There are 2 protein chains.
Amino acid sequence: MTQDTDRVSTKMSQKRADRWDRIVDAAELCFAKSGFHGTGISTIAKACGISVGHLYHYVENKEALIEAIIRREFERHLQRLDELAVGEPVDILNELVEKVVDSILNETDPFRTVLIFETLAEAQRNPKVAEILQDYDARMRVRFCDILRRSGVPSPEVKTEIIFTIFGGLPVRALRHPEQKRGIIVETMVPVLRQLLQPASGMSQPDCA
Amino acid sequence: MTQDTDRVSTKMSQKRADRWDRIVDAAELCFAKSGFHGTGISTIAKACGISVGHLYHYVENKEALIEAIIRREFERHLQRLDELAVGEPVDILNELVEKVVDSILNETDPFRTVLIFETLAEAQRNPKVAEILQDYDARMRVRFCDILRRSGVPSPEVKTEIIFTIFGGLPVRALRHPEQKRGIIVETMVPVLRQLLQPASGMSQPDCA
DNA sequence: TAAAATAGAATGAACGCTCTATCTATTGCT
DNA sequence: AGCAATAGATAGAGCGTTCATTCTATTTTA
């Protein structure tokens with residue numbers, strides 16, 4: 001351990017990174033409660049126990065904070081997607097359906113969902129946010145599509161799009177129809193998914209022999 | 001026509017209603033451009049060419065304006081749904097699929113979509129908005145479900161929920177993946193819809209043969 | 001002339017952000 | 001090791017602006 005200065009600076013930037021994380025944590029909570037534009041910087045500063053001036057030593061401006069939160073959230077989604085891809089290609093389809101079902105049933109994560117709509121609304125008027133959104137969506141599509149392709153699902157791109165549509169609709173439904181029993185949806189959704197994810201067999205569309 | 005006073009007062013309230021409509025029109029446009037919380041009252045007043053003080057003679061407060069816009073938008077949705085229900089029960093399914101396809105292809109209404117997410121985001125922190133949202137959703141569900149029931153679709157409630165999920169997801173996709181050709185989606189979506197809307201026939205296990 | 005319509009200034013709070021001041025900890029020099 | 005110099009951490013008041021709303025004054029209409 002000869003890089004003493006390095007270790008010090010690492011420890012330093014580690015501390016900085018920790019502080020940054022705590023700020024983003026607090027901001028996420030505040031934004032979830034009151035929205036991007038309903039939350040003041042002073043509220044966020046208070047929420048993580050620092051002063052406004054101090055917060056601005058870590059955060060360039062509110063906009064950057066919003067983007068950071070959106071990015072972090074999408075990174076989580078990408079990670080979840082990667083966890084899906086570890087199985088054997090043969091089992092993947094079953095695993096996929098299982099995960100989808102699980103995802104529907106356990107989508108109770110309350111304030112994570114809030115930011116979805118906040119983000120979508122923001123993306124409509126903030127081109128930078130729109131770009132982030134579309135960029136991450138593209139990356140998620142590629143990964144998911146690869147899984148389908150490796151599993152021999154025909155027209156994987158379109159299937160990806162349709163499944164993403166369903167998943168995009170689920171949180172909407174959770175808001176618009178919160179009493180709906182998720183289990184019942186799953187029951188009817190599973191055969192639909194199975195039909196969509198059906199690997200190429202004898203009779204099939206132009207896409208596959 | 002003996003109720004002269006009535007006619008006068010009607011003409012009066014007619015004028016008031018017109019003014020009100022123009023205010024809501026302007027507000028809708030502004031909110032679509034900058035969001036509920038990104039738009040100031042003065043902006044709305046300017047957009048419909050009246051003063052702030054005057055606007056407050058028609059509008060109780062900003063909140064009421066937001067609610068009015070949301071309500072008006074949902075009324076439009078309800079109306080569109082009713083237009084769907086006029087056909088013969090037998091043809092309804094085909095007509096339904098056709099309308100759905102048409103809806104996907106022509107969902108270019110730009111600023112109407114904006115308010116969807118604005119509304120959903122708002123509903124998460126404003127209980128009154130959430131109630132409106134859920135109330136209108138329930139009414140739309142009932143109507144749509146009735147159509148399915150009259151057409152002999154099994155498990156119409158669940159089918160309604162699933163189709164609403166897909167429809168809820170479409171605008172999400174339009175934002176997250178705007179380059180996606182809608183036509184391709186439709187091609188693959190139609191068989192999915194047909195399977196979902198399949199009327200009860202001989203072999204009809206709970207879900208699949 | 002009474003009432004309704006309309007305008008726009010005034011209000012006070014909240015906003016995002018910057019500035020300065022203090023305080024702490026590390027560094028270089030001897 | 002001990003002190004001075006320096007850099008970073010932190011706080012909070014202050015800036016100019018905008019917000020939603022109200023108030024008062026004026027014009028138009030009945």
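I count two residues as in contact if their C-beta atoms, placed from the backbone, lie within 7 Å. The model is a predicted one, in which local features need pLDDT of at least 70, side-chain atom pairs count only at pLDDT 80 or more, and totals for chains, interfaces and linings use all residues. Residues are numbered from 1 along each chain as its sequence is written, while chains are lettered from A and ligands numbered from 1 in the order in which they are written.

**Entry: contact between the chains**

I looked up the contact and found 43 residues from chain B and 42 residues from chain A. On the side of chain B that touches chain A, the elements giving two or more residues are helix 1, helix 6 (110-123), helix 7 (127-150), helix 8 (156-176) and helix 9 (182-197) of chain B. Here helices (H or I, at least four residues) and strands (E, at least two) are DSSP runs, numbered from the N terminus. Helix 8 of chain B gives the most to this side, with 14 residues. I then sorted this side of chain B by class and got 21 nonpolar, 14 polar and eight charged residues. For the classes, Ala, Val, Leu, Ile, Met, Phe, Trp, Tyr, Cys and Pro count as nonpolar, Asp, Glu, Lys and Arg as charged, and the others, Gly among them, as polar.

**Entry: relation of the copies**

In the contact, the same surface serves both copies, as 95% of the contact residues of chain B recur in chain A.

**Entry: fold of chain A**

I listed nine helices and zero strands in chain A. Buried residues make up 33% of its 209 residues. The cut-offs, on C-beta atoms placed from the backbone, are 20 or more other C-beta atoms within 10 Å for buried, 12 or fewer for exposed, and in between for partly exposed. Of the contacts in chain A with a separation of 6 or more, 67% are between residues 24 or more positions apart.

Helix 8 of chain A has 18 of its 21 residues buried, and I put it down as mostly covered. Its end C-alpha atoms are 30 Å apart, which agrees with the 30 Å that 21 residues should span at 1.5 Å a residue. The expected span is 1.5 Å times one less than the number of residues. Helix 4 (residues 62-84) of chain B has 23 residues and reaches 34 Å from its first C-alpha to its last, close to the 33 Å expected. Its buried residues are B:Leu65, B:Ile66, B:Ile69 and B:Ile70.

**Entry: cores**

I took a nonpolar core as a set of buried Ala, Val, Leu, Ile, Met, Phe, Trp, Tyr and Cys residues joined through C-beta atoms within 7 Å. The largest has 50 residues, and those with the most contacts inside it are A:Ala27, A:Phe117, A:Leu120, B:Ala27, B:Phe117 and B:Leu120. Apart from it lies another core of 41 residues, among them A:Val158, B:Val153, B:Ile185 and B:Met189. Leaving aside neighbours within four places in sequence, I find A:Ala27 in contact with A:Ile44, A:Leu65 and A:Ile69.

**Entry: Ser155**

I checked phi and found A:Ser155 near 45°, a positive value in a residue other than glycine. A:Ser155 is in the loop between helix 7 (127-150) and helix 8 (156-176) of chain A. Buried or partly exposed? A:Ser155 counts as buried because it has 21 C-beta neighbours inside 10 Å. B:Ser155 also has a positive phi, of about 50°, but with 18 C-beta neighbours inside 10 Å B:Ser155 counts as partly exposed.

**Entry: DNA strands**

I called a residue near a strand if its C-beta atom, placed from the backbone, lies within 6 Å of it. DNA strand C is surrounded by 17 residues, the closest being A:Gly40, A:Gly53, A:Asn61, A:Lys62 and B:Gly53. Helix 3 of chain B gives the most to the surface near DNA strand C, with four residues. That surface divides into six nonpolar, eight polar and three charged residues. Around DNA strand D there are 16 residues, of which A:Ser51, A:Gly53, B:Gly40, B:Gly53 and B:Asn61 come nearest. Helix 3 of chain A gives the most near DNA strand D, with four residues.
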